[in-house]
Amino acid sequence: NNENDDDHDGFQPVLFVSLCRNTLLEANVAKLGCSLPPARKTGTTICGVVYKDGVVLGADTRATEGMVVADKNCSKIHYISPNIYCCGAGTAADTEMTTQLISSNLELHSLSTNRLPRVATANRMLKQMLFRYQGYIGAALVLGGVDCNGPHLYSIYPHGSTDKLPYVTMGSGSLAAMAVFEDRFKPNMEEEEAKQLVRDAIAAGIFNDLGSGSNIDLCVITKGKVDYLRPHDEANKKGVRTGDYKYKHGTTGVLTKQVTTLQLEVMDESVQTMDTS
Amino acid sequence: WAPLSSSPHTNSTTIMAVEFDGGVVIGADSRTTTGAYIANRVTDKLTPIHDRIFCCRSGSAADTQAIADAVSYQLGFHSIELDEPPLVQTAANLFKQMCYRYREELMAGIIVAGWDKRRGGQVYTVPMGGMLVRQPVSVGGSGSSYIYGFIDSKYKSGMTKEECLRFTADALALAMERDGSSGGVVRLAAITESGLERSVILGNQLPTFFSA
């Protein structure tokens, strides 16, 4: 612990106040022969693209707990500020809480500066927090928005590294989505073209990755306007059952019928009044 | 197969810097990997720390980005207090102090290069562990192992800026050819008193050599 450091170090000590308690709880539960529930992860395909007038962010809507789908329609595109949104992959709680924290701090910052927040500011705040926790906060993010310097798109990794690129993908379905982008991305696309590209990239993740599924959410951010399209494409609507396991009366023929009444004697009878006051 | 977030994002790289009379030439490949997946094929590993001072980053992407941001802040502050452009040696020492103090926690191999009025073009290397040493030519990253022989045989002192640029591009191309963790494009920068010239050599324009 470097307490005698200069404050201008830029390095903060790592805080793990709950670590001791959590390891103790885990040990106690293990003694009973059970295990703690696995963290809910968003298996996920998320991506983003910069086009002529702004950015388009896309995400699938499946949240998994191990090999079970915990939520078939969760929202992975989080609000950061009126002009900035962030898709989150990795541990669902981590992405939710991290984006909320930075959104809150950014609003305060924006009130203090009296300006619309910049995407680079959100990026700095997120990367510095994630680096401080040395990768233990499992949040892999795609941050996009439009500010006074134009449209920007960043990918942010759990250990705190970031990349500023014209197109990015994250999550277990990122390879499928990136394949689509590498094939069809062009700089300065029109809005419809960009939306179709992002939709197709997420669809590639949904249909080729087991950790991603359900619908496609899109968020189109331009200067002065945000279109939050949830859902943009219901790629996996629940089908209508064509058969039924209920059989009609008379399907099985009755051969014989025998009725046996049970011999019951009244042993005791008592009345208990209910307090209805 | 999905990129595991447990495999940290690394710039396992080839980076290089060469001094010449009047400035420095720095160069790097552009590949960032998460395990076997290339997370960014156009990374810029040549990061400005100040107007005439750059650093070449290799190792963990998160660690080197955080260190570079911290040192940029410290150097900017120092420069304002001094009311003059900072020395390359100052920047290098700031990197060394951080890399040495946190040597157990960090995975960062950095080459600091730039121009200042006192000593002209300088290259300082701060490898993992936190050593600091000035060298006329320095290479780093996983791809550097493959080009020590080339550097030792082809380097001569007193090269011009253009010769240094050609030398760096050749060395990086050779390393990228042999090292799986290096690739993409070659990013070059020449830093002199008058300013900064950045260039990119795309994959198909790279110098070619004999390939078995």
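Predicted model: local features only at pLDDT ≥ 70, side-chain atom pairs only at ≥ 80, totals over all residues.

The paragraphs that follow describe the interface between the chains and then a helix pair that spans it.

The size of an interface is often given as the accessible area lost when the parts come together. Here chain A and chain B bury about 2,200 Å² between them, with 52% of that area on carbon and sulfur atoms, and the contact draws 24 residues from chain A and 26 residues from chain B.

Between chain A and chain B there are three salt bridges, and seven residue pairs, both members at pLDDT 80 or more, are in polar contact across the interface. On the side of chain A that touches chain B, at least two residues each come from H3, strand S10 (162-164), strand S11 (167-170) and helix H4 (174-184), and the largest share, four residues, is supplied by H4(A). By residue class, that side of chain A consists of eight nonpolar, ten polar and six charged residues.

Two packed helices are described by the angle between their axes and the distance between the axes. For helix H3 (residues 119-132) of chain A and helix H1 (residues 61-82) of chain B, the axes come within 11 Å and cross at roughly 115°, in a left-handed crossing. H3(A) contributes A:Arg124, A:Lys127 and A:Phe131 to this contact, while H1(B) contributes B:Ala62, B:Asp63, B:Gln65, B:Ala66 and B:Asp69; these residues divide into three nonpolar, one polar and four charged. Among the charged side chains, those of A:Arg124 and B:Asp69 meet in a salt bridge, at 3.3 Å from N to O.

Technical notes
Residues numbered from 1 in each chain as written. Chains lettered and ligands numbered in written order. Heavy atoms only, no water. Axes fitted to C-alpha atoms, helices over the stretch in contact; angles between N-to-C directions. Left-handed = near helix turned anticlockwise from the far one by under 90°. Contact = heavy atoms within 4.5 Å. Nonpolar A, V, L, I, M, F, W, Y, C, P; charged D, E, K, R; others polar. Buried area = accessible area lost by both parts, 1.4 Å probe. Salt bridge = Lys/Arg side-chain N within 4 Å of Asp/Glu carboxyl O. Polar contact = N/O pair within 3.5 Å; in protein donor to acceptor, adjacent residues only side chain to side chain.
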